[in-house]
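Hi everyone, thanks for coming. Let's take a look at this one together.

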Amino acid sequence: MSKYSMHLLVCGGTGCKSSESDILLERLKKELSKQGLEDTVQVIMTGCFGFCEKGPIVKVMPDNTFYTQVQPDDAEEIVEEHVIKGRRVERLLYQDPASKGHVEDSKKMGFYKKQLRIALRNCGFINPESIDEYIARDGYMALGKVLSEMKPEEVISMMKKSGLRGRGGAGFPVGLKWEFARNNKSDKKYVVCNADEGDPGAFMDRSILEGDPHSVLEAMAVIGYCIGSDEGYIYIRAEYPLAIQRLKIAIKQAEEYGLLGNDILGTGFNFKIGLKYGAGAFVCGEETALIHSMEGSRGEPTLKPPFPAESGYLGKPTNVNNVETLANVPAIIMKGSKWFSSIGTEKSKGTKVFALAGKINNVGLIEVPMGTTLREVIFEIGGGIKDGKKFKAVQTGGPSGGCLTEKHLDTPIDYENLIANGSMMGSGGMIVMDEDDCMVSIARFYLDFTVEESCGKCAPCRIGNKRLYELLDRICQGKGELEDLDRLRNLGEVIKDTSLCGLGQSSPNPVLSTLDNFMDEYRSHVVDKKCTSGVCKDLLEYFILEEQCVGCTACARACPVGAISGERKEPHVVNPAICIKCGACMEKCKFDAVILK
Amino acid sequence: MEKIKSLADLKKIREAQLEGIHLRKKGEDPEKLVQVKVAMATCGIASGAKDTMEFLADALEKRGIESVVTQTGCMGYCYAEPTIEVTLPGKEPVVFGKVNVAKADEIIEKYIKGGELVDGIIPVNYETIDSKE
């Protein structure tokens, strides 16, 4: 047969690559050529499938078989069993956690059932390093349509009607943003793609750039046409080497095809795209700070106005959009604003990509229509909480967001609802916590991050967050007072009201939302000096269970400070006044008699 | 690489490239297509299943029938190899035995195109774990 009758799609995202998917890909090719099948079966490296929990992923088309956790050594078996004999390799199939049965078809997996992929439409489907495959999926058609059939005003009005809002966090209407940039007259304007993804646990932008870089380039050229710009930059953190490499390849291919450069598609429109690297500072996701960093200055935000649409990069009108926002643009142009606005809720249209992380079974990247409930995301798509534990809270929006609890589970997710409940969309990170997580230390963790990432330009953020952190740290150490809880709230609100940029204006959210939802946990830290989840080490004491202890003296001999006493073959006792909580006794005990409480 | 000079050129490239991902696109939604499974175990291949499969894949495409042709393992009807299983959209799968190239041609023309049953159907008289669910 001259043409391929089977495709093996191997995930080439950062997650799967670090689990040796690139070696696996080579092995598959080798096995196929050993069997003389290299012309019958095509091996393709794709972007992220989203199911990172079980990577590396191999998907076999056209029968839709979904293999998980495939190791390089499995290549031989896949080729011999599946490719040659047509028998699925059972042990590599995804196992449904509820029924324990193997799921052959990816469409039957709970993880994919509720998803609607617009921004991720090509991730895990095409080879990101092939512009031809992108074109086969209607790639650059939106640009062609816009350049030859639409006026810039029409495109902007289409975006406005679609209801697309910025996916980087704030949710500003995209069409309106373009219109501002268009209306500011200037000899030079810039289009900037914000790829400075900084929320801990969020990786949708990276996955889009790695899996479908051309969609971002195409959207940037469309914006260039709409606002009257001939030059764009992607500001990407140097910590994303694979995304940078794929972008470089994509830009080169687009230039060779003349889809970037001068006189694009014979329409006289010129547009070029360059890359600017960031050093991975969280604050540079803020658009004014990002622009300063691009100019070679310190990545510090400045007051708005002037907005970048008036005076941005090098003082020229600049339009900044986030990666995920851009990935939606070509789809909207091809399918129309009506189609897009039919998806989602009243004020939040379309879909949103979420990065699921934490104590959840299916860690990974998902895309769902706006208005999907947290329960659907966490329990249906996410497969519930790890090890059958109890759900406690979910942190949305990263360090700027808040914690939502059980009572919020049935709230439809959109920009407005999340804010009304004390959190925010942010870039779409979702960190799930179970009963073993202490909410006070979670708040302290996020504050630690913001203190580290604050640029230090304005006092409320620089000093205020530091003080917030110190208060939380004291509480975790058991030195907190009841008044500290009021201090936390007051200080948090002042920081929110008075900070210069979005970082400080949202950094107290994790504290305020945990105060709202988990007051009893704060109280037990402060009043009873107890951490019920058993996380805050300073509040715990080592204790020997009398009925379990056989008096072997192993713990007493291991204790470096002599805090354990007791006669041979008699139960031992820990003296909390001397104990330094090193845990050596617990490690040594063979009878599970030492506990923390 | 040749530059693309117009939207029409771009469309041409798209058409030419479509074939490359066609197989994957079909796999996304197999229920709407004609699905053909060819038993390609040792006995099937020895009886000529490979030729049948190549013919089916080729002919279905040439005759413009949206279909997915995949291989499967031994179906157990070794006396009737090569065997194929055909699932028309919305219908129960039907297994045909002794499918050589000529028979395959007949199946396409009569059963797949017209839904008309042809000789050689093997009645499926067992239940699988799937069908019991």
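Let me start with a term: two strands pair if DSSP finds at least two bridges between them. Helices and strands here are DSSP runs, numbered from the N terminus, with at least four residues of H or I for a helix and at least two of E for a strand.

A word on the source: this is a predicted model, where local features need pLDDT of at least 70, side-chain atom pairs count only at pLDDT 80 or more, and totals for chains, interfaces and linings use all residues. Residues are numbered from 1 along each chain as its sequence is written, while chains are lettered from A and ligands numbered from 1 in the order in which they are written.

Now, chain B. Strand 3 of chain B and strand 4 (residues 94-96) of chain B are antiparallel, joined by three bridges, and B:Val86 sits opposite B:Val94. These two strands form a hairpin with six residues between them, and B:Gly90 in the turn has a positive phi of about 80 degrees. Strand 3 of chain B also runs antiparallel to strand 1 (residues 34-39) of chain B, with four bridges; there, B:Val38 stands opposite B:Ile84.

Finally, the partner chain: 28 residues of chain B are in contact with 28 of chain A, contact being C-beta atoms, placed from the backbone, within 7 Å. Helix 1 of chain B gives the largest share of chain B's side, twelve residues.

Methods:
Contact = placed C-beta atoms within 7 Å.
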